[in-house]
Amino acid sequence: QVQLVESGGGLVQAGGSLRLSCAASGHILPNYLMGWYRQTPGKDREFVASIIWGDESTPYVTNSVRGRFTISRDNAKNTVDLQMNSLKPEDTADYYCNARLVSAGLNFWGRGTQVTVSS
């Protein structure tokens, strides 16, 4: 089992920054794919960024946030962080942390943290 707890959400003005953190615990193998997703009411959950737990050289962010968002791993804290800069109102969503090991059919989600960007 893997436990994920998100933090760092809040209310920010457009152009501002937030740093989300996903605290991961449990049996996490190095090849777990760690991801951030977001969801707004009435819409499907949308992929934002990912990184392989045991390989910090593999950050990837989706096109819509590239250049503004950065995903990273904090070894000391056992977290996967999402640094969000130049926030826009359309970034408003609930943000969820995900841990996935496709080869084993494992998929875990956190409970989410809310981000609101005011115009």
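Rings of Phe, Tyr and Trp (its six-membered ring) are taken to pair if their centres lie within 6.5 Å, with planes under 30 degrees apart called stacked, over 60 edge-to-face and the rest tilted. By this rule, the structure holds three aromatic pairs. The model is a predicted one, in which local features need pLDDT of at least 70 and side-chain atom pairs count only at pLDDT 80 or more, while totals for chains, interfaces and linings use all residues. Residues are numbered from 1 along each chain as its sequence is written, and side-chain values use heavy atoms, with hydrogens and water left out.

A pair of aromatic rings is described by the distance of the centres and the angle of the planes. Tyr-37 and Phe-47 lie 5.5 Å apart, centre to centre, with 75 degrees between the planes, and form an edge-to-face pair. Strands here are DSSP runs of E with at least two residues, and helices are runs of H or I with at least four, both numbered from the N terminus. Tyr-37 belongs to strand 4 (residues 33-39) and Phe-47 to strand 5 (residues 46-52), and the two are ten residues apart. Residues are classed as buried under 20% relative accessible area, exposed over 50% and partly exposed in between (1.4 Å probe, protein chains only). Tyr-37 has 14% relative accessibility and so counts as buried, whereas Phe-47, at 26%, counts as partly exposed. Tyr-37 also pairs with Trp-109: the ring centres are 5.0 Å apart and the planes stand at 70 degrees, so this pair is edge-to-face. Trp-109 counts as partly exposed because its relative accessibility is 34%. Ring pairs bring Tyr-37, Phe-47, Tyr-60 and Trp-109 together in a cluster.

Turning to the chain as a whole, the protein chain has eleven strands and zero helices. The radius of gyration, taken over C-alpha atoms, is compared with a globule rule of 2.2 Å times the number of residues to the power 0.38. For 119 residues, a compact globule would have a value near 14 Å, and the 14 Å of the protein chain agrees. The C-alpha atoms fill a box of roughly 40 × 30 × 25 Å along the principal axes, and 41% of the 119 residues count as buried.

Contact means heavy atoms within 4.5 Å. Among contacts between residues at least 6 apart in sequence, 53% join residues at least 24 apart.

Two residues give a local view of this packing. Ile-51 lies in strand 5 and is buried, with a relative accessible area of 1%. Leaving out residues up to four places away in sequence, the residues that Ile-51 touches include Tyr-32, Leu-33, Met-34, Ile-71 and Val-80. By contrast, the C-alpha atoms of Ile-51 and Thr-40 are separated by 23 Å, although these residues are eleven apart along the chain. Leu-29 is placed in the loop between strand 3 (18-26) and strand 4, and is partly exposed, with a relative accessible area of 31%. Not counting residues up to four places away in sequence, Leu-29 touches Trp-53 and Leu-101. Leu-29 and Trp-53 are 24 residues apart in sequence, with 7.5 Å between their C-alpha atoms.
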